Each structure stands twice: as structure tokens, then as C-alpha cells.
Amino acid sequence: MAATDVRKPDHAASKRHFIFTEEHDALRESIRSFATKELAPHAEEWEQTTFPDWVFRRMGELGFLGLSYPEEYGGQGGDYFASIVLAEEIVHARCGGLAMGIAVHTDMATPPVHVFGTEEQKQRYLVPAIKGGKISCLGITEPDAGSDVSGIKTRAVRDGDEWVINGSKTYITNGHRADFIVLVTKTDPDAGHDGFTLFIVDMDLPGVIREKKLVKMGMHASDTALLAFQDVRVPDSAVLGQIGKGFYHIMWELQGERMIGAAGAVAGAQRLFEQTLQYANERVAFGRPIGKFQVTRHKFAEMATKLEAARQLNYTTAWRFANGEYPVREISMAKLYASRIAVEVADECLQIYGGAGYMQEYGVERVWRDLRLNRIGAGTDEIMLDVIGRSYGL
Ligand SMILES: Cc1cc2nc3c(=O)[nH]c(=O)nc-3n(C[C@H](O)[C@H](O)[C@H](O)COP(=O)(O)OP(=O)(O)OC[C@H]3O[C@@H](n4cnc5c(N)ncnc54)[C@H](O)[C@@H]3O)c2cc1C
């Protein structure tokens, strides 16, 4: 720059982060366009009915269910950041429950099949899951054990060359529609953390009971199930990963789940921020747009700063995760911070909307309800704080 040049801020400059490429930009555009055109028009209706299974098939057709899975299994062979792009752009469906149902399938239930599964399991479950022909769910939480995963009671007992599973899982996203579940069980109650084993269980087996559709505060477009397993017999080939190592396998899975959750939370709040910004420019009170009151301007400044900080933490952490590190502390920080600020942003946007924010037709109250789950699901704020605190030897 020459000494005589005058530099002015360019707020409209491209904001592409260095983890993303032009290919990610193109992917971003195609997911956003799909979500806006094919999904968002149904968002209101799906609040009542839950979103239909064709969404999985359609997304499979478009290649969106296997973005970072290898091509040999029908995936797109992309990097981890392609999954982040999906989590960020699916928010344009304006349907938190749909985003969650899809994320459970693409980034929570199927990654353990890809990483720990046998070739036969990948052909039988991962390949159709990527096509959208088989829907998956993940069963960790039980009526008596959520945060304390080691307290689960679902038992799998060996019987000849079969296993017999008994127990119960609750709050299971996709639980009513799923074709298979990645199930966390206890196989040796005396072995501590070495007494857990994962199974892939077909949901149409005798003894698998979809007990109840649970009614929720938000995320209405997703289906949430209470499941029972009564003497469900599965062969040895249903064991996923190593016998006795299921606790460590599922802790690994939770890191990806939290990373994707953090990306989705920030993107959901960012979308609402932009919608609210437009509203603040249009809505007039006391002779001027409400955005021109300094108090409102400062609310936007606070929100934008939080969103930017959360996004940068997410991207840096995702970069480390994608490069082979296992940054559990930073993933916990990213999940904690993103969830908290997303809820704060949603609440502030609702306030800026005033009475309209409280009405269903603007979709603001829905985002407010949906985002609230982030502080609970995939590990609560308190558990994230505990993981972070313990990582310092406390
Ligand atoms: C809509 C929805 C969808 C979900 N989908 C799935 C799914 O698909 N699969 C699945 O397996 N699970 C799912 N979950 C479960 C979710 O992950 C759990 O709800 C969450 O982990 C918390 O467990 P809990 O509800 O049993 O709460 P609890 O563990 O009973 O916790 C209750 C309170 O105690 C606090 N607490 C617990 N332990 C500690 C501690 N050590 N220190 C400090 N505070 C503590 C918690 O932070 C919380 O505030 C879903 C939940 C919801 C609401």
C-alpha cells in the first residue's frame, strides 16, 4: 500500500475462512439452494407432522448424506469441512428438527459404522445409509442414565454365537423411522469402562419395541422415541468395533457429534441474526427504524461479536480434528460456547422482534425453542464444563 492510499473498511469483503475452498463454496450454494427451495416451504407443516422420509432419499440422491465418506461406499470423498458446510447450510430449511434428524444420520450414527465397522457392516448399513435408503439412529441415553453414560443398564449377554439384548433407550432421534440403531450396551458390568460394547441392531427384529413418540418443547419436526429391547437376539456379526471398547468408541463418536452440533448452533443463530437485521431495518417506531436506536445497534454488535468468536473457535477446532488430533478439550469448549451464545442470540433476536417475535408466523420463537436443545443434547453445558475442567487435572 502506498503512503498516500486511504484504506476504508470493506465490510462486504469475502469472509471465506482458510479451512474452506472454492469447492466448499459451491457445495454451500447447492445445499443452501436445495434447503431453501425444497425444504423450507414445508417447515411449518413438518412442525405438525415431522419431516417425511423422502428427505433422506432426496438428500441421498443429491450426494448430501455422504459428503465426507469415501467414494467406494457411495460417498463424495470430501473432507471433514464438507460435513461442517452441511451442518451450516441445512439451517436454511428453517426447520431445526430436520437439521437434527439429518445430522444424527450423517454425523452421529453412521460415523461409528464407517470407522469401526467390518466391510460387511459397511456394505449392509453404510452404503444404503449414504443413499438415503436406510435411516439410522443412535442409542446412548436411557431413562436412568444420560450424562452418566457409564451408568447405562442395557445389557447384551452372549448366548452361543448370538447375543441377547435387554434394556431401554430414550430421547432417540429418528427412533421411530430408523431402519437400524447403533446401540450402546454393557457386556461386562464388572469391567468398568472396558465393559461396554456397541451393536448395530436392525429395528425390525423381534423384541425391538418403539414404545412412545415423545412430545417436546421444540424440534417438533424430528421424531423422538422411547425404545425397549426385550430379548433381542443378534448374531456376533452385529458387534460394532471391539467387544469391551464400546465406551471409548462412543466417546470418540461424541466428539464429532459435538463439533457438528456447535457448527449447526452458530449457523442457526447466524441465520436468525440476518433475518432480524432485516426486520430491524424495516420496523419503524418513534419515527425511525428500530435498528437505528443505539441500544438495538449495540445488541447487533454484541451478537455479531459472539457469533464470530464462536465460529472461529469452531473452525480452528474442526481444523485440528480433521488433521488427526483428538482435541477433546477444545471440542468441549466449542460445543459449550456455541450452544450458549446461540441461545443468547436467539433470545435477543426475539426481543428485537417484540410481539412479532412471540408469534408463530415469523418463525423466531421456533428458532428460540429449537436452539435451546443445544445446551442439553450431546452433553449438557455442565458436562462440557466438567470435561474442560478435568482436562487441567482438576
Ligand atoms: C430432543 C432430544 C434429542 C435427543 N437425541 C438423542 C439421541 O438421538 N440419542 C441419544 O442417545 N440421546 C439423545 N438425547 C439425549 C441427550 O443427549 C441427553 O438428554 C443429555 O445427554 C442429558 O442427559 P439427561 O437428559 O439424562 O440429563 P441428566 O444426566 O439427568 O442431567 C440432569 C441435569 O444434571 C446435570 N448434571 C448431570 N451430571 C452432572 C455432573 N457430573 N456435574 C454437574 N451437573 C451434572 C446436567 O447437566 C443436567 O443439568 C436427546 C435429548 C433430547 C432432549
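Around the ligand stand 17 residues, of which T141, S147, Y171, T380 and E382 are the closest. The model is a predicted one. Besides the ligand shell, the points below cover aromatic pairs, charges over rings, backbone angles and a few single residues. Aromatic pairs come to 15 in this structure.

**Ligand shell**

- The shell around the ligand is made up of eight nonpolar, seven polar and two charged residues.
- T141, one of the closest residues, places a polar side-chain atom 2.7 Å from a nitrogen atom of the ligand.
- E382, also among the closest residues, has a polar side-chain atom 2.7 Å from an oxygen atom of the ligand.
- Two or more residues of the shell come from each of β1 (136-139), β3 (162-173) and α12 (381-390).
- Strand β3 gives the most to the shell, with three residues.

**The F20 and Y315 pair**

- A pair of aromatic rings is described by the distance of the centres and the angle of the planes.
- The ring centres of F20 and Y315 are 5.1 Å apart and the ring planes stand at 85°, so this pair is edge-to-face. The cut-off for that class is an angle over 60 degrees.
- F20 belongs to the segment before α1 (22-39), while Y315 belongs to helix α8 (residues 294-322); the pair therefore links distant parts of the chain, 295 residues apart.
- F20 has a relative accessible area of 6% and is buried.
- Y315 is buried too, with a relative accessible area of 7%.

**The Y279 and Y353 pair**

- Y279 and Y353 form a stacked aromatic pair, with 4.0 Å from centre to centre and 15° between the planes. Planes under 30 degrees apart count as stacked.
- Because Y279 lies in helix α7 (residues 246-282) and Y353 in helix α9 (residues 328-353), the pair ties together parts that are 74 residues apart in sequence.
- Y279 is buried at a relative accessible area of 13%.
- Y353 is buried as well, and its relative accessible area is 5%.

**Charges over rings**

- R28 has its charged end over the ring of F20, 4.9 Å from the ring centre. F20 is the residue that also takes part in the edge-to-face pair with Y315.
- R177 lies over the face of F51, and the distance to the ring centre is 4.0 Å.

**Positive phi angles**

- Most residues other than glycine have a negative phi.
- T50 has a phi near 65°, a positive value in a residue other than glycine.
- The loop between α2 (43-49) and α3 (54-61) holds T50.
- T50 is buried, because its relative accessible area is 19% and the cut-off for buried is under 20%.
- R94 has a phi near 55°, again a positive value in a residue other than glycine.
- R94 is placed in the loop between α4 (80-89) and α5 (96-116).
- R94 counts as partly exposed, with 40% relative accessibility. This class lies between the cut-offs of 20% and 50%.

**Other residues**

- G218 is part of the loop between β6 (208-213) and β7 (224-235).
- G218 is buried, and its relative accessible area is 8%.
- G218 and A269 are 51 residues apart along the chain, and 15 Å separates their C-alpha atoms.
- T317 sits in helix α8, the helix that also contains Y315.
- T317 counts as buried, with 1% relative accessibility.
- A polar atom of the T317 side chain lies 2.6 Å from the backbone oxygen of L313.

Terms used:
Residues numbered from 1 in each chain as written. Predicted model: local features only at pLDDT ≥ 70, side-chain atom pairs only at ≥ 80, totals over all residues. Heavy atoms only, no water. Phe/Tyr/Trp six-rings, centres within 6.5 Å; stacked < 30°, edge-to-face > 60°. Helix = DSSP H or I, 4+ residues; strand = E, 2+ residues; numbered from the N terminus. Buried < 20%, exposed > 50% of the residue type's maximum accessible area, 1.4 Å probe, protein only. Lys NZ or Arg CZ within 6 Å of the ring centre and 35° of its normal. Near = heavy atom within 4 Å. Polar contact = N/O pair within 3.5 Å; in protein donor to acceptor, adjacent residues only side chain to side chain. Nonpolar A, V, L, I, M, F, W, Y, C, P; charged D, E, K, R; others polar.
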